[in-house]
Amino acid sequence: MQLFDELKTLGQKHIKANKQAQQNLPSGVWLACPKCQQSVYHKDLGRYFTCPNCDYGFRIASRDRVEWLTDSFTEMDQDIETADPLDFPDYGKKIAAAKRKTDLNDSILTGVAKIGSQEFCLGIMDPNFIMGSMGTVTGEKVTRLFEYATEHQQAVVLFTASGGARMQEGIFSLMQMSKVSSAVKAHSQAGLFYLSVITDPTTGGVTASFAMQGDIILSEPHALIGFAGKRVIEQTMHQKIPENLQDADNILQHGFIDAIVKRPDEKATIEWLLEMNQGKAGELSS
Amino acid sequence: MVVRNEPRKGGRIVIVSLFGKKQRTAGEIVAAARDSQKITGTELISELFPDFMEMHGDRLNDDDPSIIGGLAHFAGQAVTVLVIDKGLSAKDRIAKHFGSPAPAAYRKSLRLIKQAEKFNRPVLAFVNTAGAYPAASAEEQGQGEAIARNLLEIAGVRVPILTIIYGEGGSGGALALACGDQVWMTENSMYSVLSPEGFASILWKDASKAAEAAEVMQLTPEALLKANVIEGIIPEPSAHKRFCRNLAQVIQPELEKLTQLPAEELLAQRHARFRKF
Ligand SMILES: [Zn+2]
């Protein structure tokens, strides 16, 4: 037990040292992997922006993912705007800045995509848009994506990344969880396939709704997957939580995801899963 | 009790009963929602139902007492009852983690809701929680998955589900039992995406600005009724017996209306209730 404790402290010292090291590195050239703490030359992250040491998928823009994931993509609902339901001070400015940064109207990009011969509805959350938080527009876009898919008899693939609810939209953000769930249910009752792919980090209201509602749930290596934030757990419970508590590896071990898939394998895996899950109950697929 | 029923769009009913009372700040309502004199879940059950049998367990490997579930009669009809309870004695409160349900509690609630559907019983849910249990153990037991499954499955349950928030309605932990056909709030209750303290510390890096946060968040029954998040407000006198009579006066006619709806229409209305946000 004592050895175990020492190992833990050692690990933490190592993290601290690395964080310091990261700050001293010339920006944009060397990065410290936030998961394995190795310093990585930026060019070694490659096309998929993953850690060569631990396969962690660094946080990437939705539009960059579309590039390597799909063969074609037609965006939908790019013009919906939030009504700022709480009339929250400076929220408009925050939204404007996030829009400029991400070239998105909110924290998710949605549309119809193709991989090979498979056409499906695709949503990709963007961790750079106010931390991927779920606002009314996010919820509306996900809902419309499921509604479109139900109407057109298509599968849905959703990449999640979210800091949780959009605080600036208060209770209306919370209501999105039920709104989306109802659309997911209708899609599922139509016998259609929903694949959720969890990316780093996925927390709060998104974990507690559509991220965990897939027929099949995949995760990228070392994605943080949780409901409560680490700080909330530590402050409320006065409990130091293990570093890997919300790591995809631990979530897999506890039975809440089907598999961990590395970024370079995602395209082929998704194509295969779409093909595998197009049958309908009562029909024998030929 | 001063009650005036006013028909609204969609045939819903608002109870306007708060005249003559002085306007309270959102901060005061938050304090009232958390008041230690507030009725407990067990007391609420014994006041509202002539009979009640508690049913335990999630049928996976656990039973969490923060949600009391069971069967009872209400106005002569068999119902399934779910109550988030903060507990009374210190020991009880610790066992119930002060009314913060662990995943097993949500799984038990869904099991009982599915059973209610099988035997065509309406579901009455009573919510008073600061939020789902934020512990390492709850994370490993899949807190997010448990809530997500409630939201998904309840969207398709073919019996009426009526919820009353009678204290704190904390975020996803409350929504998991408030995603049915009607949600009512008692006068001294709140319903929000996060606690005002958490909200202030996230947005303004200062948890002491909770009172200000409460004002901005629109978490009071009045604000939520205006925003169409809830169906109505139930007057909450300090005497628990009188309070429970008020609850019964709202539940009985509403439940009657809901049970008369064909299942397809019930589900369509439930869907529309959330689709509008
Ligand atoms: Zn790494």
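The dialogue below takes up these features in turn.

Mentor: Please keep in mind that this is a predicted model.

Trainee: How is a pair of aromatic rings described, and how many aromatic pairs are found over all chains?

Mentor: A pair of aromatic rings is described by two quantities, the distance of the centres and the angle of the planes. Over all chains of this structure, the search finds 10 aromatic pairs. In one of them, the ring centres of Phe88(A) and Trp204(B) are 6.4 Å apart and the planes lie at 10°, so this pair is stacked. Phe88(A) belongs to the loop between β3 (72-75) and α3 (91-102) of chain A, while Trp204(B) belongs to helix α8 (residues 196-204) of chain B, so the pair joins two chains.

Trainee: Is Phe88(A) buried or exposed?

Mentor: Phe88(A) has 8% relative accessibility and therefore counts as buried, since the cut-off is under 20%. Trp204(B), at 26%, counts as partly exposed.

Trainee: At what angle do the ring planes of Phe49(B) and Phe74(B) lie?

Mentor: The planes of Phe49(B) and Phe74(B) are at 70° and the centres 6.1 Å apart, so the pair is edge-to-face. This pair links distant parts of the chain, 25 residues apart: Phe49(B) is in the loop between α2 (41-48) and β3 (52-54) of chain B, and Phe74(B) is in strand β4 (residues 67-74) of chain B. Both Phe49(B) and Phe74(B) are buried.

Trainee: Let us turn to strands. How are the side chains of a regular strand arranged?

Mentor: In a regular strand, they alternate between the two faces of the sheet. For a case here, take strand β4 (residues 108-115) of chain A: seven of its eight residues are buried, so the strand is largely enclosed by the rest of the structure.

Trainee: How many bridges join β4(A) to β5(A)?

Mentor: Eight bridges join β4(A) to β5(A) (residues 118-125), and these strands run antiparallel. Within this pairing, Thr110(A) stands opposite Gly123(A). The two strands form a hairpin with two residues between them, and Gly116(A) in the turn has a positive phi of about 55°. β4(A) also pairs with β3(A) in the antiparallel sense, over four bridges, and there Val112(A) stands opposite Thr74(A).

Trainee: Finally, how many cavities of 30 Å³ or more are found?

Mentor: The search finds six, and the largest cavity holds about 80 Å³ of space. Its lining includes Phe227(A) and Gln143(B), and the lining residues divide into five nonpolar, five polar and two charged. Helix α6 (residues 143-154) of chain B gives the most to this lining, with three residues.

Definitions and conventions. Residues numbered from 1 in each chain as written. Chains lettered and ligands numbered in written order. Heavy atoms only, no water. 1 Å grid on protein atoms, 1.4 Å probe; cavity = no way out; pocket = protein on both sides within 12 Å on 5 of 7 lines; lining within 4 Å. Points joined across faces, edges and corners; volume = space filled by probe spheres on them. Nonpolar A, V, L, I, M, F, W, Y, C, P; charged D, E, K, R; others polar. Phe/Tyr/Trp six-rings, centres within 6.5 Å; stacked < 30°, edge-to-face > 60°. Buried < 20%, exposed > 50% of the residue type's maximum accessible area, 1.4 Å probe, protein only. Pairing = 2+ DSSP bridges.
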